[in-house]
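Please consult the sequence and the model together when reading this report.

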Amino acid sequence: MRLLIINSAEPDVSEFAENIARILQSLRVNYDLINYSSCSEVNWSVYQGVLISGSPQGDDIVEHHQPYFQWIKSFSNPILGICAGHHITGVMYGAEYLRSREPESGDCTVEIVQEDPIFAGFSKHFTVRQMHNDSVSLPQNFIHLAQSAVCYNQAMKHSEKPLYTFQFHPEYLNPKLIENFVAICTQNRK
């Protein structure tokens, strides 16, 4: 199995993507790591799953990055979008982009509102790392999976394909969520 990590930050900012890569290394999963600007050069057929990292970039990231992420709608294998990946995916599917309306920073509690294999091994309430000013509403054809006291759409899943997104950063406190995503990729291959 080979996964792709897409760094949605600018090339000189790789902390989020590198943390994801360290988790995949610990799981002995083969992966490639690229910057979002290289998406047009990817041979998507070689990847059994894709992880889209967060980004510290400001207000224009969702609008700016849309042309690079059009592949999301046609890719049939599992995808996990994190923070900026959550925003980019949500807006692509019609979500409202909520600028500075649900900001969170630091360690916060998230509540699972819909059981799903992505949360295997987690209790209904668990602590996550938050680093966001912006958020997105829940788009049509997505299932609401988790919320916090401040941010309604902490996690969602497409109703028809294995497309997941998180507002929070599992690569800091919740590597088991990345492991669960890898398990979903493995099951999807069968």
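The following report describes a predicted model.

Strand S1 spans residues 2-7 and is mostly covered, with 5 of its 6 residues buried. Its pairing with strand S2 (residues 30-35) is parallel and extends over 6 bridges. Within this pairing, Leu4 has Asp32 of S2 as its bridge partner, and Ile6 stands opposite Ile34 of S2.

S1 also runs parallel to strand S3 (residues 49-52), to which 4 bridges join it. Here the bridge partner of Ile5 is Leu51 in S3.

Just after the helix, Arg28 adopts a positive phi of about 60°.

The buried residues of H1 include Phe16, Ala17, Asn19, Ile20, Ala21, Ile23 and Leu24. In general, an α-helix has 3.6 residues a turn, so residues three or four places apart point the same way.

## The sheet

An open sheet of 9 strands is present, in the order S2-S1-S3-S4-S11-S10-S9-S6-S7, and its pairing is mixed. S2 and S7 stand at the edges with a single partner strand each, so one side of each has no neighbour in the sheet. On average, neighbouring strands of this sheet are turned by 25° against each other, direction ignored.

## The nonpolar cores

The largest nonpolar core has 31 residues, of which Leu24, Leu51, Leu80, Ile118, Phe119, Phe126 and Phe166 touch the most other members. At least two residues of this core come from each of S1, H1, strand S4 (79-82), strand S6 (104-112), strand S7 (125-132), strand S9 (142-148), strand S11 (163-166) and helix H5 (175-189). H5 gives the most, with 6 residues.

Which residues are in contact with Phe166, leaving aside its neighbours within four places in sequence? They are Leu80, Gly81, Ile82, Cys83, His86, Ile118, Phe119, Gln154, Ala155 and Leu177. A second, separate core has 21 residues, among them Ile52, Phe69, Met92 and Leu163.

Technical notes: Residues numbered from 1 in each chain as written. Predicted model: local features only at pLDDT ≥ 70, side-chain atom pairs only at ≥ 80, totals over all residues. Heavy atoms only, no water. Buried < 20%, exposed > 50% of the residue type's maximum accessible area, 1.4 Å probe, protein only. Pairing = 2+ DSSP bridges. Core = buried A, V, L, I, M, F, W, Y, C linked by side-chain atoms within 4.5 Å. Contact = heavy atoms within 4.5 Å. Axes fitted to C-alpha atoms, helices over the stretch in contact; angles between N-to-C directions.
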